[in-house]
Structure formats: C-alpha cells, structure tokens
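Here is a short briefing on pockets and ligand contacts. Look at the structure first, then read on.

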Amino acid sequence: MISVVVVGAETPGNIGTIARAMKNFGVSDLKLVDPPELHRDGEAYGFAGQAREDILPNAEEVSFEEIVENYHTIGFTATTNEDARRHVRFPFRTPEELADDLAEIETDVALVFGRERVGLTNEELARIDQICAIPASAEYPVLNLGQAATIALYELRELTMDESQLPDVERERAIEPEIERFYERFDAMLGAVSYPEEKRAKTMRLVRRLVGRAHPTGREITTLHGVLRVIERATQERYSGR
Ligand code: SAH
C-alpha cells in the first residue's frame with residue numbers, strides 16, 4: 001500500500017490540496033508529522049474537495065520515527081545539488097522512474113513530503129530509503145508543496161488505482177474487424193477510382209500506419225465507412241453512365 005506523509009507543513013491549504021490529489025489518484029492513507037491545526041471551516045477542508053469527507057478527517061498524526069521504522073520511505077526534495085561524493089540527496093529518482101521501481105516491490109511505501117520553506121532536513125533525508133525529485137527548471141526547481149504531491153501521485157497512478165478506477169481508454173477504440181473492414185473498403189475504393197495500380201499497395205500501407213497510430217474510436221471508423229459508401233455509390237453511378 002502507498003501512504004502519504006507530510007512533515008511539518010505550516011499551511012493548512014497545502015494539506016487540503018494533498019488530500020484532494022490523493023483522492024483523485026486512488027490513495028487514501030494520509031499521515032501528518034507535526035501538523036498545523038486543521039479546522040472544519042478552515043483552508044485545509046476548503047481545499048480538499050470530496051476528500052474532506054474521508055481522507056482529511058481520517059488523517060493520522062504520527063512521529064517521523066514511526067514512519068522510518070514501518071515503511072519503505074521515499075523522500076521528496078527539490079534540492080539535489082549533490083553528486084556521487086555525498087549521498088544525502090543523491091542519487092535521486094524522478095517520479096516516473098519511481099513508478100517502475102515501486103512496481104517491483106511489495107512492501108508498504110510512504111511518500112514523504114517536507115516543509116514549505118525548508119523541506120526535509122538533511123538529518124531526516126539521511127534516514128529515508130530513496131530520494132525522489134521532480135525535474136523542474138534548474139533556475140527555480142521548487143514547486144509548491146501541494147502541487148509537488150499532485151504530480152508525484154499522478155505519476156504513480158497505475159500503482160494506486162485499481163482496474164475499476166482507471167479510465168478505460170481501451171474500450172473506446174473501434175473493434176479490430178471494423179478497422180480491418182475499413183482498410184478493405186478503402187483499397188476497393190482505390191480500385192474503383194482507377195488509382196494508379198503501381199502505387200496502390202504502398203498507399204494502403206501508409207493508410208494502415210496512419211490509422212493505426214490514431215487508434216480511432218468506433219464512431220470515427222463508422223463515419224469513415226459512411227464516406228467510403230458515398231464514394232462507392234458516386235463511382236458506380238458514374239461508370240454505369242448515369
Ligand atoms: N527548499 C525546499 C523546498 C521545500 S518545498 C527543498 O529543497 O525541499 C516543500 C516540499 O515540496 C518539499 O519538501 C518537497 O517534498 C516538495 N517539493 C517541492 N518541489 C519539489 C521537486 N521539484 N521535487 C520533489 N519534491 C518537491
């Protein structure tokens with residue numbers, strides 16, 4: 001399971017933003033180390049959207065020690081100005097790379113975010129298992145705390161959302177026989193309009209590549225079939241001399 005830990009946040013609004021992003025991407029366990037007071041009518045609840053009903057009120061206050069002891073910890077930091085000679089903030093993973101790493105392991109993971117101004121301290125980072133940094137502009141790599149957590153959770157979505165939560169992109173694609181029939185019909189149309197025979201096979205390969213890359217929806221393929229039907233009718237009429 002993946003949990004989110006926020007260490008020493010000062011701004012309740014950021015905690016609300018994080019709770020909302022968690023709900024958006026299928027994570028429910030929020031833990032807070034040394035949090036500010038969160039009032040029902042305050043900023044945290046105001047920013048949390050539907051997470052104000054469950055994730056935020058169920059957030060548990062914990063100590064940093066408890067987290068280090070019980071989880072595989074990932075520390076999020078904007079500052080990575082180190083190299084192979086110093087290891088507190090190096091080497092680091094991007095969130096995308098982290099998603100691949102975490103897909104391999106089956107242990108409880110805590111994504112640990114730091115304070116708005118000073119982030120996680122070197123002492124804290126030294127006790128954390130892996131470092132993750134969002135590659136932002138070298139001129140200003142520091143994201144807002146809530147937005148950093150949102151990006152991280154988005155990148156890990158395939159690990160945190162189950163089948164029923166993932167939007168089903170695949171189901172919108174036209175079924176394969178319909179696409180195949182389109183190619184046959186397109187090829188027949190080339191024949192009917194006396195397309196140069198020597199170019200026909202090459203053109204068909206090109207059409208196949210183009211449509212294959214586009215992953216057309218059922219409606220799109222149906223419309224293209226309709227267009228070809230009209231062309232078929234027009235060519236038949238023309239060649240039958242009407
Ligand atoms: N100077 C601090 C900035 C704190 S920003 C630092 O270097 O970390 C508040 C928190 O947002 C950070 O502790 C970190 O958890 C997260 N964060 C901000 N920008 C980030 C980035 N580019 N990559 C990863 N986490 C980031």
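Which residues are the closest around the ligand? They are F76, T79, I134, P141 and L143, out of 20 residues that surround the ligand (near means a heavy atom within 4 Å). This is a predicted model: local features need pLDDT of at least 70, side-chain atom pairs count only at pLDDT 80 or more, and totals for chains, interfaces and linings use all residues. Residues are numbered from 1 along each chain as its sequence is written, and side-chain values use heavy atoms, without hydrogens and water.

**Ligand**
- The shell around the ligand holds 13 nonpolar, four polar and three charged residues (Ala, Val, Leu, Ile, Met, Phe, Trp, Tyr, Cys and Pro are nonpolar; Asp, Glu, Lys and Arg are charged; the others, Gly among them, are polar).
- Polar backbone atoms of P141 and of L143 each lie 2.9 Å from a nitrogen atom of the ligand.
- For a polar backbone atom of R117, the distance to a ligand nitrogen is 3.5 Å.
- The protein buries 94% of the 540 Å² that the ligand exposes when taken alone (Shrake-Rupley areas, 1.4 Å probe).

**Largest pocket**
- The ligand takes up the space of the largest pocket (more than half of its atoms lie within 2 Å of the grid points).
- This pocket has about 380 Å³ of space (the volume filled by probe spheres set on the grid points).
- Its lining has 23 residues, with F76, T77, A78, V142 and L143 closest to the centre.
- A pocket is an open set of points on a 1 Å grid where a 1.4 Å probe fits, with protein on both sides within 12 Å along at least five of seven lines; lining residues have an atom within 4 Å of a point.
- By class, 13 lining residues are nonpolar, six polar and four charged.

**Second largest pocket**
- About 220 Å³ of space lies here.
- Of its 13 lining residues, M1, I2, T107, L159 and T160 lie nearest the centre.
- Helix 4 (95-104) and helix 7 (157-160) each supply at least two lining residues (helices are DSSP runs of H or I, at least four residues).
- The lining has eight nonpolar, four polar and one charged residues.

Definitions and conventions: A polar contact is a pair of N or O atoms within 3.5 Å; within protein, one must be able to donate a hydrogen and the other to accept it, and residues adjacent in sequence count only if both atoms are side-chain atoms.
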